Amino acid sequence: MTRSRRTVLSTGAVALPLALCVALAGPAHAGEQPNNSQGSNTEQSGGSDGTGIYAAARITYSGSVAKGGGRGNVVSTDVNWTPPPCWYAPYLGAKDFKKKMSADIEGQMSAPGMGGHAGAALSELQRHYEDDYGWADTPGYKDYNVEKDGEGMFWAAVENPDEPDLLKRNSCNDLPFWVDNGDAPPPQYEEAITPETLAALAYQHMQLPDTKVSLAPEGTTKVNLPTWAWLDKAVFDEVQATAAINAPGFALQATTTAKPVSLTLEPGTKDAETHPASGQCTINADDSIGEPYAKGKAAQTPPCGITYLRSSGNGTYDLQATITWDIAWTGTGDAGGDMPDGTFGSTQAVTVQEIQSVNR
């Protein structure tokens, strides 16, 4: 046969393979929200049958990750960067896969009105796994590879539940395929899970600390009076999130590390000046940002801060403080590299009064 492996999916059998695109990734229930690099260390193993063969290899997350395995609070500075919408990962051993797949095929074949192209496609699908029926770059299997049970696993597509685009989420639409323990997936499956995939998912789930910037004066300041802003070294540190997958004969992990590099201040009004003028305060040699106010500095311009030029009246200004984080990753097999910077910001209410004053 020379038919493309994707051609089969254009027939009425598409519902069956897509039904096997189970969410192997989770939910992966992470622990409580961590404090910076301390993080959580909660794992969730895959299910297993009586023989101990994994029924599904789930991705587990640990470190500074969002509660409940949900999306974290990191915003990529690269608008074109997105986590993988789907991937292929270990699914079932041969005997378990036969039980699952054959039952699904028989169930659909017995459905009312199942005939024509849809029925023919189901027959081809059955022959593919039972009678060694294959096509270009996709070999068939004899009796669902049961003779090799325990020597490998069938891999299947996994949808990223946090991908909003349904078409992208469903783009990994190849039929489940066999991979021997210790072997890499066939090269045509470009979306097969890798350490870099896990690093991107760790990035997606990373939870950066909600850091409140120290201000002087704090809470209430005066028109034309410089407000000093700073973050002590002890307030924040690098943050790590790890994603891992383990199955018989297959294990990968990747750790994504975020290091703070700058603080950007947005006063919440056009009637203000930032210090420096760009509003971006870079990290100091001792890993702090800005400089704490001290008596005698009232006439000085702060290295990091804001001067409000107009009163906030009966309300407040929303000071937006956003930290930029340099993000890199390392993973199984000495893999690693850089990822787009990430940001996370918080808002603080600042009251500005129309009274001239000098800090003493």
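**Entry 1: aspartate 334**

I started with aspartate 334, which is found in the loop between strand S15 (317-331) and strand S16 (335-353). For the element names I rely on DSSP runs numbered from the N terminus: helices are H or I with at least four residues, strands are E with at least two. The model is predicted, so local features need pLDDT of at least 70 and side-chain atom pairs count only at pLDDT 80 or more, while totals for chains, interfaces and linings use all residues. Residues are numbered from 1 along each chain as its sequence is written, and side-chain values use heavy atoms, with hydrogens and water left out.

Phi of aspartate 334 is near 60°, a positive value in a residue other than glycine. Aspartate 334 is exposed, with a relative accessible area of 80%. My scale here: buried is under 20% relative accessible area, exposed is over 50%, and partly exposed is in between, with a 1.4 Å probe and protein chains only.

I then looked at aspartate 287, which has a positive phi of about 70° although it is not a glycine. Aspartate 287 lies in the loop between strand S12 (280-282) and strand S13 (289-290). With a relative accessible area of 40%, aspartate 287 is partly exposed.

Which residues form the negative surface patch? I found Asp232, Asp237, Asp286 and Asp287. A patch takes residues with over 30% relative accessible area and no salt bridge, joining like charges within 9 Å and nonpolar side chains (Val, Leu, Ile, Met, Phe, Trp, Tyr) within 5 Å. The areas come from the Shrake-Rupley method with a 1.4 Å probe, and for residues only the protein chains shown count as cover. Asp and Glu count as negative, Lys and Arg as positive, and His and the chain ends are not counted. The place of a charge is NZ of Lys, CZ of Arg, CG of Asp or CD of Glu.

Next I checked strand S14 (residues 305-308), which is covered on both faces. Gly305 and Thr307 are buried on one side, and Ile306 and Tyr308 are buried on the other.

Strand S8 (residues 226-231) pairs with S14 in the antiparallel sense over three bridges; two strands pair if DSSP finds at least two bridges between them. In this pairing I see threonine 227 opposite isoleucine 306. Strand S11 (residues 272-275) also pairs with S14 in the antiparallel sense, over four bridges. There, glycine 305 is the bridge partner of histidine 275.

**Entry 2: cis peptide bonds**

Proline 276 is found in the loop between S11 and S12. I also noted that the peptide bond from alanine 216 to proline 217 is cis, with omega near 0°. Proline 217 sits in the loop between strand S6 (214-216) and strand S7 (220-222).

**Entry 3: salt bridges**

How many salt bridges does the structure hold? I read six, each being a side-chain nitrogen of Lys or Arg within 4 Å of a carboxyl oxygen of Asp or Glu. I looked up three of them.

Arginine 310 and aspartate 271 meet through their side chains at 3.0 Å, N to O. This pair links distant parts of the chain, 39 residues apart: arginine 310 is in the loop between S14 and S15, and aspartate 271 is in the loop between strand S10 (250-266) and S11. Aspartate 271 is partly exposed, with a relative accessible area of 29%.

The side chains of aspartate 104 and lysine 100 meet at 3.4 Å, N to O. Both residues lie in helix H2 (residues 94-109), four residues apart, about one turn of the helix. An α-helix has 3.6 residues a turn, so residues three or four places apart point the same way. Lysine 100 counts as partly exposed at 33% relative accessibility.

In the bridge between glutamate 291 and lysine 297, the closest N and O atoms are 2.3 Å apart. Glutamate 291 is partly exposed at 29% relative accessibility, whereas lysine 297 is buried at 18%.

I found helix H5 (residues 195-205) mostly covered, with ten of its eleven residues buried. Among them are Pro195, Leu198, Tyr203 and His205.

Last, I looked at aspartate 78, in the loop between strand S2 (75-76) and strand S3 (86-92). Aspartate 78 is partly exposed, with a relative accessible area of 33%. The C-alpha atoms of aspartate 78 and methionine 339 are separated by 9.4 Å, and the two residues are 261 residues apart along the chain.
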